[in-house]
Amino acid sequence: MATAYYLELVIRMTDVKCDQDHPEIILLNIPTIPDRTAFILGKSHESPLEPMIQLGLQMKGLGVTVLATPCVTAHYFHEALQEGIGLPVIHVIKATAELLKKAGIRRVGLMATDGTVQSGIFQQQIEALGMELILPDAQGQRGVMALIYDQVKAGLQPDMSLFATIRDRLRQQGAEVVVLGCTELSLLKKEQPLGDGILDVLDVLAKESVLACGKPVKPEFDQLFIPFLGKE
């Protein structure tokens, strides 16, 4: 579903006058890729890297010139993927950090998988630009994983009260923006508006994809979030 939503966002964001103005997209939806979080945490010995490289090479053979993956945790393998495939891969975490810095954000809350959190891939990009990253406490992180794995990935209705509790706790800790740092969490935004102070990485990835293909982005997507100012 995250992949389907990504494709929808790319199409919606591109500023076109006719079908022929849209970027050409080749999409491979391969759900058998081993779980990224399980491998990063040492809970599985099945590496997703080689299967992802093989998919990238297949796309390269079809004429693809730039790659995007609607999975944040997969960015743990970013350098190895680019090296193994020989094509640029959009780094959505870096792009997200740069967007936040440009907007003047100082403290960023993150909701992401255990694999993304424990690998430090978001921390590195955020802190390198002089911002502070705020993570959920242990209970909150368990809630994030329940939303992602037990609910969205399982095809169940997400518990929005659980989401709100985690979001509000991050705000209480000083987060000016809460980043939906997993593309399963992006689907919460698809179903209903989440209000100010939310930045969806899938929005960032879609916008970067449009620009990487040399296409213009609709003006309404110039600003992907509004900072939270302390009240709804």
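**Close-up 1. Gly140 is found in helix α8, which spans residues 138-152.** Helices here are DSSP runs of H or I with at least four residues, strands are runs of E with at least two, and both are numbered from the N terminus. This is a predicted model, in which local features need pLDDT of at least 70 and side-chain atom pairs count only at pLDDT 80 or more, while totals for chains, interfaces and linings use all residues. Residues are numbered from 1 along each chain as its sequence is written, and side-chain values use heavy atoms, with hydrogens and water left out. Gly140 is buried, with a relative accessible area of 11%. Buried means under 20% relative accessible area, exposed means over 50%, and partly exposed is in between, using a 1.4 Å probe and protein chains only. Look for Arg167 too: Gly140 and Arg167 are 27 residues apart in sequence, and their C-alpha atoms are 9.1 Å apart in space.

**Close-up 2. Leu147 is another residue of helix α8.** Leu147 is buried, and its relative accessible area is 0%. Leaving aside residues up to four places away in sequence, Leu147 touches Met111, Val152, Pro158, Asp159, Leu162, Phe163, Ile166 and Leu185. Contact here means heavy atoms within 4.5 Å. Lys43 sits 104 residues from Leu147 along the chain, and the C-alpha atoms of the two are separated by 20 Å.

**Close-up 3. Helix α3 (residues 49-61) packs with helix α4 (residues 78-85).** Two packed helices are described by the angle between their axes and the distance between the axes. For α3 and α4, that's an angle of about 45 degrees, with the axes 9 Å apart. Axes are lines fitted to C-alpha atoms, for helices over the stretch in contact, and angles run from 0 to 180 degrees between N-to-C directions. α3 and α4 are therefore oblique to each other. As for the cut-offs, angles under 35 degrees count as roughly parallel, over 145 as roughly antiparallel, 65 to 115 as roughly perpendicular, and the rest as oblique. The crossing of α3 past α4 is right-handed; a crossing gets that name if the near helix is turned clockwise from the far one by less than a right angle, and is left-handed if anticlockwise. On the α3 side you'll find Leu49, Met52, Ile53, Gly56, Leu57 and Lys60, which meet Ala80, Leu81, Gly84 and Ile85 of α4. The residues of this contact divide into seven nonpolar, two polar and one charged. Ala, Val, Leu, Ile, Met, Phe, Trp, Tyr, Cys and Pro count as nonpolar, Asp, Glu, Lys and Arg as charged, and the others, Gly among them, as polar.

**Close-up 4. Helix α5 (residues 92-102) crosses helix α7 (residues 121-128) at roughly 30 degrees.** Their axes come within 9 Å, and α5 passes α7 in a right-handed crossing. From α5, the contact takes in Ile93, Lys94, Thr96, Ala97 and Leu100; from α7, Ile121, Phe122, Gln125 and Ile126. Sorted by type, the residues of the contact of α5 with α7 are six nonpolar, two polar and one charged. Val92, Ile93, Ala95, Thr96, Ala97 and Leu100 of α5 are buried. Their cover includes β1 (107-111), α7, β3 (177-180), β4 (198-200) and α11 (201-212). After α5 comes Gly104, with a positive phi near 85 degrees.

**Close-up 5. Helix α1 (residues 2-13) and α11 cross at roughly 50 degrees.** The two axes come within 9 Å. That angle makes α1 oblique to α11, and the crossing is right-handed. Here Ala2, Tyr5, Tyr6, Leu9, Val10 and Met13 of α1 meet Leu202, Asp203, Leu205, Ala206, Lys207, Ser209 and Val210 of α11. The contact of α1 with α11 divides into 10 nonpolar, one polar and two charged residues.

**Close-up 6. A search of the whole structure turns up zero disulfides.** The cut-off for a disulfide is a pair of cysteine sulfur atoms within 2.5 Å. The closest cysteine sulfur to that of Cys18 belongs to Cys213, and at 16 Å it is too far for a bond. Cys18 is partly exposed, with a relative accessible area of 33%. Cys213 also counts as partly exposed, at 37% relative accessibility.
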